[in-house]
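The sequence and structure are shown first.

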Amino acid sequence: MFGKKKKKDIELIGREDVLRSAKEAPSGRITRKVPELMTWYRSVLGNREYQQDALFVSGSRKLAANKKTRILAVVCDGMGGMADGGRASRKAIDMMVQGFQKVEKAPGLNIPRFFQEGIYAIDQAIASFPKEGTKGSGTTMVACIAEDNRLYWASVGDSRLYIIRGTQIKQVTRDHNYWLRLKEMRAAGKITDKELMEARHKEALISYLGMGNISLMDINTVPFEMQLGDVIMLCSDGITKVLSDEHIKQIITTEDLKPEERAESLIETAIHANTHSQDNTSVVLICYRERDIRENS
């Protein structure tokens with residue numbers, strides 16, 4: 001969808017931009033451009049009694065030429081129909097962040113394996129929570145690690161990750177719900193189009209952290225190479241059940257908003273569109289861009 005650019009081409013373009021933009025500023029300083037990963041986030045209660053969303057995002061960072069720069073973002077949506085979804089989402093965040101802190105500067109980190117091992121460990125930890133009657137605890141999770149301009153992601157459940165490039169938007173994670181299974185059954189000829197559309201409980205999750213035997217997860221093993229201007233969005237379904245992909249794209253790409261105002265606008269738009277039953281709502285934005293740096297000449 002986005003088209004392909006060879007890594008070499010991206011590197012050459014970056015160098016040419018720096019050479020063209022390096023100039024003697026009127027103040028007597030040299031101005032140059034440095035790539036950076038900018039992050040913003042917002043989370044609100046909505047109209048619910050309890051906050052069962054939880055999130056974490058590393059602070060904005062400039063990319064260093066002589067070492068890898070890594071940032072982590074995670075959004076978890078505790079399952080309200082289960083016991084203490086808020087505790088489950090917070091546990092998932094805590095374990096993922098603690099694991100990342102141990103390997104943040106490790107050379108040669110296998111990020112897909114890090115995500116897979118983390119998901120298995122978190123799933124077991126939440127499954128071991130005391131049950132309330134027959135109810136266990138559970139949470140969705142969508143996470144990403146940006147390593148310089150390379151992006152890896154992992155998801156369990158129906159919290160989503162989008163990539164916005166220019167005028168295009170793409171959801172790169174799947175919703176792990178019964179609708180996914182139904183579409184697979186239809187593709188295999190096991191049900192008809194009518195049975196597909198008439199099926200009930202399409203949004204019921206078939207994978208989440210806390211099952212105790214998790215097997216369905218989305219993890220990309222080949223990194224996505226970000227280009228300058230790309231925006232990565234992680235969110236809970238408080239956004240996606242209210243706003244269409246096109247509406248999300250319009251907010252993120254509007255020139256009337258500063259980058260730091262777009263996360264706030266997404267949340268406020270979702271709340272105003274669903275004033276009676278808005279769910280907990282969380283969003284994280286990561287932007288890969290360049291910033292001017294001035295140095296004394």
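A residue is called buried here if its relative accessible area is under 20%. The model is a predicted one.

**Strand β6**

By that cut-off, nine of the nine residues of strand β6 (residues 139-147) are buried, so β6 is largely enclosed by the rest of the structure. In a regular strand the side chains alternate between the two faces of the sheet. In β6, Thr139, Met141, Ala143, Ile145 and Glu147 point one way, while Thr140, Val142, Cys144 and Ala146 point the other way. Both sets are buried.

β6 has strand β5 (residues 70-78) as an antiparallel partner and also pairs with strand β7 (residues 150-156) in the antiparallel sense. Two residues separate β6 from β7 in their hairpin, where Asp148 adopts a positive phi near 55 degrees.

**Strand β8**

Strand β8 (residues 160-165) is also largely enclosed by the rest of the structure, because six of its six residues are buried. One side carries Arg160, Tyr162 and Ile164; the other carries Leu161, Ile163 and Arg165. β8 runs antiparallel to strand β12 (residues 231-235), with Arg160 bridged to Cys235 of β12. β8 is antiparallel to strand β9 (residues 168-171) as well, and there Tyr162 is bridged to Gln171. The hairpin of β8 and β9 has two residues between the strands, and Gly166 in the turn shows a positive phi of about 60 degrees.

The bridge counts of these pairings are as follows.

| Strand pair | Sense | Bridges |
|---|---|---|
| β6 and β7 | antiparallel | seven bridges |
| β8 and β12 | antiparallel | five bridges |
| β8 and β9 | antiparallel | four bridges |

**Cysteines**

How many disulfides does the structure hold? There are zero disulfides. Cys76 is buried at a relative accessible area of 0%, and Cys144 is likewise buried at 0% relative accessibility.

**Helices α2 and α3**

Helix α2 (residues 85-103) and helix α3 (residues 111-127) have axes that come within 10 Å and cross at roughly 145 degrees. The crossing is right-handed. On the α2 side the contact includes Ala88, Met95, Gly99 and Phe100, and on the α3 side Phe114, Ala121, Ile122 and Ile126 are among the residues met. The contact residues comprise twelve nonpolar, one polar and one charged.

Key. Residues are numbered from 1 along each chain as its sequence is written. This is a predicted model: local features need pLDDT of at least 70, side-chain atom pairs count only at pLDDT 80 or more; totals for chains, interfaces and linings use all residues. Side-chain values use heavy atoms; hydrogens and water are left out. Axes are lines fitted to C-alpha atoms, for helices over the stretch in contact, and angles run from 0 to 180 degrees between N-to-C directions. A crossing is left-handed if the near helix is turned anticlockwise from the far one by less than a right angle, and right-handed if clockwise. Contact means heavy atoms within 4.5 Å. Ala, Val, Leu, Ile, Met, Phe, Trp, Tyr, Cys and Pro count as nonpolar, Asp, Glu, Lys and Arg as charged, and the others, Gly among them, as polar. A disulfide is a pair of cysteine sulfur atoms within 2.5 Å. Buried means under 20% relative accessible area, exposed over 50%, partly exposed in between (1.4 Å probe, protein chains only). Two strands pair if DSSP finds at least two bridges between them.
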